[in-house]
Amino acid sequence: MSALHLIRHDAVAELRLDNPARLNALTVPMLDALEQHCAALERDGTVRAVVLTAEPARAFCAGADITAWGGMTPADFARHWVREGHRVFDRLARLSKPTVAALGAHAFGGGLELAACCDARVIAPRATIALPEAGIGIVPGWSGTQRLLRLIGEPAVKEMALMGRRLPAERALALGFAAEIAEDADAAAFAIARAAAELSPRAAEVAKAMIHAAAGEDRGAMVESLGAAAVAASEDRDEGVASFREKRAPRFSGV
């Protein structure tokens with residue numbers, strides 16, 4: 001059984017990391033489960049917002065479980081672990097529903113990159129964020145130098161990735177990485193998600209796509225998705241489908 005669970009709370013769904021003995025470090029089964037859960041959430045029209053949480057431990061997520069990749073060859077590490085992890089994280093980042101991460105404890109490496117995939121983050125006062133990969137001879141591999149840089153800027157990413165610094169909750173808030181600091185990060189994150197779930201789901205989805213297109217998050221797909229949605233709402237689209245089914249020439253009205 002995977003140590004990452006999907007729990008539904010009416011219109012808000014929870015994705016919960018459940019590997020506290022390993023500081024909620026990410027394993028291959030957890031990545032597989034995350035990808036499957038994201039696919040299920042995308043198709044579930046009853047879910048309007050998602051909260052990413054973790055079982056209580058000294059870390060929200062300590063990153064990638066070294067035992068999962070430590071024995072891989074360089075080629076397999078790059079081809080499978082890094083690229084497949086990237087694909088899964090991208091799936092979460094591009095989920096059409098609003099997402100909020102609750103950082104009740106430290107978020108390091110892949111755990112920080114995972115939180116960066118969400119639309120908003122709440123952080124506990126004593127939690128810190130870090131990119132410690134250079135300390136074990138590797139580099140951030142799941143968009144810590146890409147998506148995270150777009151969120152908090154080059155200097156802060158360099159502090160963590162090149163100098164090994166941990167940034168405290170107050171700094172995460174000042175950088176805009178965290179929406180707020182809360183003693184009960186889970187409760188605060190759920191409050192944000194419940195408020196998001198009260199908004200128009202279609203308007204929220206389109207706004208997220210527009211923002212991502214402007215930010216460079218899968219811009220090509222976002223532009224085509226918005227264009228396709230606009231055309232799909234036209235009478236010409238209905239006429240095109242009807243004419244195909246009826247095996248006749250279409251009579252487009254331009255409406």
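A salt bridge, as the term is used in this talk, is a side-chain nitrogen of Lys or Arg within 4 Å of a carboxyl oxygen of Asp or Glu. By that rule, Glu183 and Arg126 form one, with their closest N and O atoms 3.2 Å apart. The pair joins distant parts of the chain, 57 residues apart: Glu183 lies in the loop between strand S10 (180-181) and helix H8 (185-197), and Arg126 in the loop between strand S7 (120-123) and strand S8 (128-130). Helices (H or I, at least four residues) and strands (E, at least two) are DSSP runs, numbered from the N terminus.

The model is predicted, so local features need pLDDT of at least 70 and side-chain atom pairs count only at pLDDT 80 or more, while totals for chains, interfaces and linings use all residues. Residues are numbered from 1 along each chain as its sequence is written, and side-chain values use heavy atoms, with hydrogens and water left out.

Let me turn to the chain as a whole. There are eleven helices and ten strands. The C-alpha trace spans about 65 × 45 × 40 Å along its principal axes. The radius of gyration, taken over C-alpha atoms, is compared with a globule rule of 2.2 Å times the number of residues to the power 0.38. For 255 residues a compact globule would have a value near 18 Å, and the chain, at 20 Å, agrees with this.

Buried here means under 20% relative accessible area, exposed means over 50%, and partly exposed is in between, with a 1.4 Å probe and protein chains only. Buried residues make up 44% of the 255 residues. A contact means heavy atoms within 4.5 Å. Of the contacts with a separation of 6 or more, 68% are between residues 24 or more positions apart.

As to charge, Lys and Arg count as positive and Asp and Glu as negative, without His and the chain ends. Each charge is placed at NZ of Lys, CZ of Arg, CG of Asp or CD of Glu. The mean positions of the 29 positive and 32 negative charges are 3 Å apart.

How many salt bridges does the rule give? The count comes to 17. In the pair I began with, Glu183 is exposed at 58% relative accessibility, and Arg126 is exposed at 62%. Another pair is Asp65 and Arg22, whose closest N and O atoms are 2.8 Å apart. Asp65 sits in the loop between strand S4 (59-61) and helix H2 (66-69), and Arg22 in the loop between strand S2 (12-17) and H1, so this bridge ties together parts that are 43 residues apart in sequence. Asp65 is buried at 6%, whereas Arg22 is partly exposed at 40%.

Next, two positions around helix H1. Met30 lies within H1 and is buried, with a relative accessible area of 1%. Leaving aside neighbours within four places in sequence, Met30 is in contact with several residues, among them Leu4, Leu17 and Ala25. Asp44 lies in the loop between H1 (28-43) and strand S3 (49-54). Asp44 is also buried, at 15%, and touches Arg8 and Lys97, not counting residues up to four places away in sequence.

Finally, helix H6, residues 154-163. Which of its residues are buried? They are Ala156, Val157, Glu159, Met160 and Ala161. These buried residues pack against helix H4 (110-116), S8, helix H5 (147-152), strand S9 (167-168) and helix H7 (169-174). Just after H6, Gly164 takes a positive phi of about 70 degrees.
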